Amino acid sequence: MSNHESTLITNSGYQLAINQLLQMLEQGDEAQRCYSAQAVGKARIADAAPSLNACLYHSDSDVVVDAADALAKLAAGDMDALENVALHHPESDARLAALEALSAQAGGPEQARITTILMSFASGRQEGDDWGLSSDWDDWWDIQLKAVQLLANRPDEEVIQLFFQLLEDDPEPELESALYLGIAKATPQWLADRYQTGRVMTRRKLIRALAQSDSKIATIQLFKAMSDEDPEIRRAAVEALCRRKAIEYQWDIVLRLCDQEQRVREAAEVGLDVMGELDKLSQAKLYSLAQKAPGAALSTVLMLMACHVDEPDSECLEWIAEQLNHEDPAVVYAAADFFASIKYEGDVDVYSELAVQRCLKHVERTTLPVLFRADYIRLLCKFACQQDVFVAAVYPVMQYIVNDEQNDGVLRQAALDLLARISSSTGQQYLRELILGLAAKGELIPVNQLDIDEETGNRKAEETASAEAAGPSSESRAESSSEPASDTLELEQLLAAHEEKFSVLAEGDSPAATPTSTLASIQQTNVEAMLNSPKEEQAPEQHVLDMIEELPDDYTDYTEIVRDHFDTSDKLELNRKKVAKLPKLGNKLLALRALGNSQQPAAVTLLIEGLLGAEPAEQVDIFGSLARLADTVSVPEIKNAIGAAANTLYHGDNVTKQAATRYLAKMPMAKALPLLLQGTRDQNEHVRICSLMAIEQQLAIHTVRQQDRPVLNAALAKALQDPAGGIRKLALKLLADTDPKSHLDILLEAAISNDEVNEIAASSLRHSKEEVLGKLAGLLPDLDDHRQPLAIKLAGGLLS
């Protein structure tokens, strides 16, 4: 509340809180005075000026700094006290704050006095004069820069003459820029003349200064600077002209769309959009511009033509079709994007099919960067040509890219995104096989068990297959009774045939026991590897260390140097092994993600089907894809995964639980809220905060049922006691939005107990600020721990 409007309300929460702040400013300790000064400055309480003036004489420099900062915000303060601090205080921070407070009162009756004080500092110091500062650091330089910056806001003739003198002394770059800024506001012609002979770095500073001037001279010089040889100057000039909406130079800015430097082209495009002139460029003008554009800028102009609403003529279409054969891949991409985006009459399929073929050619170019090839694949999603022709051309290439898992994951993901978007039975079946594996075929897999003897086994397999095809006969039923006897005879024959293999063993030897479990097998393998491992050779550095151990004591220093070198090399080798690598994802995970971006209703059924038996990492992507699909498609079946999400929240790992909460955030509130409340009680901090974030999304679009309110409020109140500050912060926001009146005491306690919660407490409790301020006024005198500064800060936020 500015200008202390709350003083009109006696005995209110506002007035009680202000009285407490003023009392602490006058009688509190150093910390209380600092926090109170910050609070009254933020709230713009004008009645606090006398108390702040008194704090300027305090022995603690932090109190002086905060008091001066508050007076600067109020544009008030005792001139004598502020001048005394600016000229004589030993701490540079106090002097800087006092100069800010003095400058805030400029333009009044004390203008000449303020200018004199600032000019005394802006002139710099004599050698050996430390200005009475207590620090060993060159704080005087910061004070001089601050004085120049403040003078540059209101330069007069005397100040400009001082600035000219300072420029002759070859000032520091930051100080030089501040001087130019002040001169630009008073005499921009001087900067324009200096620009003609300045070096590159000087010209950059001059253009930035002229950009802050509203004069006609500055505008003309900015126009000329658009032709400068330095691209940074051209970019700064374009941005400045667009900010001031210099319509008279509109076409000159448009020509910068053909600049050789990309940053200049981007500045021109953004600037024209800010001016509201980008959409007004006709297709014909852009076409004439594109014909003159160099190769580096041609793609930019073509992209603008693709966004235009005008229909191009046949000549323009033919010319852009020729650009599909351009040697620059960026130009080819822009030309293909034009045909994928623009609406035009005529033979649409001819241009679209040509563009598709050119895109596929660049996708197959392995010399192109992976990201460029992926962009070409994503561009193919925009084409609207005949479905059969498109699928026949695209599907084999995409399948080849996906099947080769040596390809980068970005490239395979783009290919799968394309396959998921096109409505093709072949592509959909391919995705089903990637996700469901053999279960996607829906057929039984025949299995034939072969005997050890290959010929006999094959014969028996064939006989079995033929017998099963012909059905059981009377002979087979008769032979079934003699199967045990024949099996015994066959086993005896096999043992007799292999008996000679075991005769070579010594009489006392016996074969090793066969492991009876997987764990036993692994253990046996490890023991054999340990027993059979060759003796390690001594490392070369160890041999050197052994040699230097035998050296006389006179070589101790040399020995230590050698040891240090070896230690350093070991650390370097360890660092080489710590190279971060992106995880190599399989096609199944990429396919699950592609379905989430497909915007196809059929993807929902396939994702839910994939939940059966899915690994935790796969469940994360499935829930994420379902959450994205919930925003793009309206399919009732998407709710069929709520049961799996519930099971995950009770029995899943921490990462999968977080993914389940993101899915539940998109589901009907009546079904999702009980599960999300369960997530707020999870042992993992990340699961709890994800659950609260999902509840926040639900509350933004749904109304809580009356029967669910007590449970929700209880969960949020409990979350206010959570050990994690981020959870308490979000819980306070949600509880303050749902039921602040009933929980005001615990909301206030949480707000003054934690820094993170305190940051949002003022905005969250604003609807109840009268009552909160009254409670704070009663609490402030009795608080003597870390809660007192936070309570003062909250009071200042509510009063502002």
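Contact here means heavy atoms within 4.5 Å, and helices (H or I, at least four residues) are DSSP runs numbered from the N terminus. This is a predicted model, so local features need pLDDT of at least 70 and side-chain atom pairs count only at pLDDT 80 or more, while totals for chains, interfaces and linings use all residues. Residues are numbered from 1 along each chain as its sequence is written, and side-chain values use heavy atoms, with hydrogens and water left out.

**View A. Helix α42 and what covers it.** Helix α42 spans residues 755-764. Its buried residues (buried is under 20% relative accessible area, exposed over 50%, partly exposed in between; 1.4 Å probe, protein chains only) are Val-757, Asn-758, Ile-760, Ala-761, Ala-762 and Ser-764. The cover over these buried residues includes α40 (725-738), α41 (744-751) and α44 (787-799). Have a look at the start of α42 too: a side-chain oxygen of Asn-754 comes to within 2.9 Å of the backbone nitrogen of Glu-756.

**View B. Arg-113 meets Glu-83.** These two side chains form a salt bridge, 2.6 Å from N to O. For the term, think of a side-chain nitrogen of Lys or Arg within 4 Å of a carboxyl oxygen of Asp or Glu. Arg-113 sits in helix α7 (residues 111-122) and Glu-83 in helix α5 (residues 79-88), so the pair ties together parts that are 30 residues apart in sequence. Arg-113 is partly exposed, at 27% relative accessibility. The structure holds 31 salt bridges.

**View C. Glu-277 and Lys-280.** Here the closest N and O atoms of the salt bridge are 3.5 Å apart. Glu-277 is buried, at 9% relative accessible area, whereas Lys-280 is exposed, at 60%.

**View D. Asp-722 with Arg-688.** Asp-722 is in the loop between α39 (709-719) and α40, and Arg-688 is in helix α38 (residues 685-701), so the pair links parts that are 34 residues apart in sequence. Both Asp-722 and Arg-688 are buried. Elsewhere, salt bridges with shared partners join Glu-232, Arg-235, Glu-239, Glu-261 and Arg-263 into one network.

**View E. Cysteines Cys-242 and Cys-316.** Cys-242 is buried, with 2% relative accessible area, and Cys-316 is buried as well, at 3%. How many disulfides does the model have? Taking a disulfide as a pair of cysteine sulfur atoms within 2.5 Å, the count is zero.

Terms used: Helices (H or I, at least four residues) and strands (E, at least two) are DSSP runs, numbered from the N terminus. A polar contact is a pair of N or O atoms within 3.5 Å; within protein, one must be able to donate a hydrogen and the other to accept it, and residues adjacent in sequence count only if both atoms are side-chain atoms.
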